[in-house]
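Work through the exercises below with the sequence and the structure in view. Try each task before reading its solution.

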Amino acid sequence: MLQLPIYLDHSATTPCDPRVVDAMLPYFTKNFGNAASRNHPFGWAAEEAVDYAREQVAKLVGCDPKEIIFTSGATESDNLALKGVFEMYASKGNHIITCNIEHKAVLDTCKHIEKEGGEVTYLKATENGLIDLAELEAAIKPTTILIAIMYANNEIGTVMPVKEISAIAKKHNVLFFTDATQAVGKIPVNVMSDGIDLMAFSAHKLYGPKGVGALYVRRKNPRVKVTAQIDGGGHERGMRSGTLNVTGIVGFGKACEICMNEMEEETKKLSVLRDKLQNALLKIEESYLNGDKDHKLPHVTNISFKYVEGEGLMMGFNKNIAVSSGSACTSASLEPSYVLKALGLGDDLAHSSLRFGLGRFTTEEQIDYTIEQVTNTVNKLREMSPLWEMFKEGIDLDTVEWAHH
Amino acid sequence: MAYSDKVIDHYHNPKNVGTLDKSKNNVGTGLVGAPECGDVMRLQIEVDEVSGVIKDAKFKTFGCGSAIASSSLATEWLKGKSVDEAAKIDNMDIVEELNLPPVKIHCSVLAEDAIKAAINDYRKKNGLEELKFNESVVH
C-alpha cells in the first residue's frame, strides 16, 4: 500500500535514520554529561562519544578528526569560514571570490563582509549552473584571500568542478572554501583529493538531526586558521565556543557512518529512480530541465513546466507529495528563485519550476505516483491557463504588452 | 501557508473555466497581470443585449491557487449581475469570501482589475465611454 504523503523534498531536510536516533537516545538521559567536564565519568563518557563521532565524521570526508569543528549547522559554518578567514587573513588581503548561485548563508555573509571593508567578486554562473574556470582565475588578484564556491547547488543539484577550482586556488596561493551541505553523504567528497581547505556541511541533510553541523578546517599544507565568531570557553580548539551538542554530534557521527557504508548502493538506486522521474516529466510538452544534465547530484532534479505557475502546480498535489518550487508567490517580493534567474531563465520559467529531492526511503511506487500526479496537474492547469491557450494559438507571449502590476 | 477550504474548493473544482468568442460585440475580455509576475488572469463576460445583464462569464488563470480561486469566484459573482453592478465588485469582498491572507491580497486585486478591464472592453466595443476606476488600494 502506498503511504501518503510522500516526501520528495530531501534537499530541504531529511528524516533522521532510525539507527541515528537509537545511537542518540542514551545521550539525552544516561550519558548526559558535558564533554568539557574533565573530572568525572559523566564528562568522560560525553567526551568519548564526541571523539568517536568526530572520527566518524572525519572518515566520511577524508580528513583528520582534529580538523572537524562542530557547529550548529551549515549556516554557522559558512559564517565562521567566511568571516573567520576574512578577519584572520586581513594582513594578506580583503578580496573574496564567490558565485551568484551560492546559498544565502554564503551570499548574505559576503554582503556583511563588504560592509566591513571586504571586496567580493560574484562570478556569474553559466546557464547550466556551473562556473567558468577561466573567469574564476581571471578574477584572482594579489589581495584575494579566499575562493568560496559551493560543492553542489541546493536548488538545481549541479555539482561544481571542485578539483579544478582547488587547483586554481592552490596555484595562486588562495584558500578554497566550499559549502558542501548538499553533497556530503550523497556523493564521494574527500577534502584531500578534492583539495579543499575549508568545508561546511550539516547533519540534517544526511539523515542526522537538525541543529548540528561541521566546519572542516585544514591543519596541514597549508595550516588554516579562522578567527572565532563566538567567544566563550574556547571549545573546538578555540574556534567555536559553546557547550558541545553531544546528542546531536553523536547522531551526526552515526549518520556519517551510515552514509559511508551505504552511499554507493544508495546512489545507484536513487539515480535510477531520479532518471525515471526526470525522463517521464520531461516527456510533458514544454517542460525544461534546469541545471546541467550530467554534472549533478544523483537524487535531485529541477524542472520547469512552462505556462503553469509553480505554486499553483504544487497545490494540485501538495497534500500528498512534498516538493518545493522556485516560484515565490507567497513571499512579499513576488520574486522567483534567484538561482534560476541567475542561470538566465526568464521569470516565467522560474515561476514554473519544481524541485524534486529523492532520499534514502524513496520507493519506485512513490515515483510512479508522483509522475502520474504531476502530469495530471500540469495538464489540468494548462487547460485553465490563458498563456497555454495563447501559446497553442501561436501567439508569441514576448510580443504581448502585459499590464504590469 | 495553509489555504482556506474555499480556496481549495475553487482550485479543485473551478467554476466557469473557458473561453468566450471575443469577436462578438456583446463579449468583453479583460487580460491582466504578466507572466513574469507569476499571475495572468483572463476574464470574459457575455452581456445579454436586451436586459444588459451578464449572462455568462468565463476565466482562464495562470497563477497560484488563490489567483485561480479569485477568478473562479469572480465569474460566479458576475453572472446575473448588470454591467453596472459588476463594476462595483471590490477586491476586499473577494478577500473576505476566500479568507485570503495578506500576501495573497494581490490575487483579489488582479481579479477586480480583470473585471474592470472586461467591462471596459465591452463598453468600448459598444461605443460607450470607458469607465474611469480609482486605482486599487493594494497593489
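**Exercise 1.** Find the buried residues of helix H4 (residues 91-98) of chain B, and state how they are placed around the axis.

*Solution.* Step 1: apply the cut-off, by which a residue is buried if 20 or more other C-beta atoms, placed from the backbone, lie within 10 Å of its own. In H4(B), Asn91(B), Ile94(B), Val95(B) and Leu98(B) are buried.

Step 1: take the directions from the helix axis to the C-beta atoms, which define the arc. The four cover an arc of only 100°, so they lie on the same side of H4(B). As a rule, an α-helix has 3.6 residues a turn, so residues three or four places apart point the same way.

Step 2: look for the cover. It includes helix H1 (5-12), H2 and H5 of chain B.

Step 3: go past the end of the helix. Asn99(B) follows H4(B) and has a positive phi, near 60°.

This is a predicted model, in which local features need pLDDT of at least 70, side-chain atom pairs count only at pLDDT 80 or more, and totals for chains, interfaces and linings use all residues. Residues are numbered from 1 along each chain as its sequence is written, while chains are lettered from A and ligands numbered from 1 in the order in which they are written.

**Exercise 2.** Describe the sheet of chain B and the helices that lie on it.

*Solution.* Step 1: identify the strands, which are DSSP runs of E with at least two residues; helices are runs of H or I with at least four, and both are numbered from the N terminus. Strands pair if DSSP finds at least two bridges between them. The order in this open, antiparallel sheet of three strands is S1-S2-S3.

Step 1: find the edges. Strand S1 (27-34) and strand S3 (54-62) of chain B each pair on one side only.

Step 2: follow one pair. Strand S2 (residues 39-47) of chain B is joined to S3(B) by eight bridges, and Val47(B) stands opposite Ile54(B).

Step 3: Helix H2 (residues 65-78) of chain B touches S2 and S3, at about 175° to S3(B). Helix H5 (residues 105-125) of chain B lies across S1 and S2, at about 145° to S1(B). Such angles run from 0 to 180 degrees between N-to-C directions, with axes fitted to C-alpha atoms, for helices over the stretch in contact.

**Exercise 3.** How many residues does each chain bring to the contact?

*Solution.* Count residues whose C-beta atoms, placed from the backbone, lie within 7 Å of one across the interface. Chain A gives 27 residues and chain B gives 27 residues.

Note on methods:
Contact = placed C-beta atoms within 7 Å. Buried ≥ 20, exposed ≤ 12 C-beta atoms within 10 Å, placed from the backbone.
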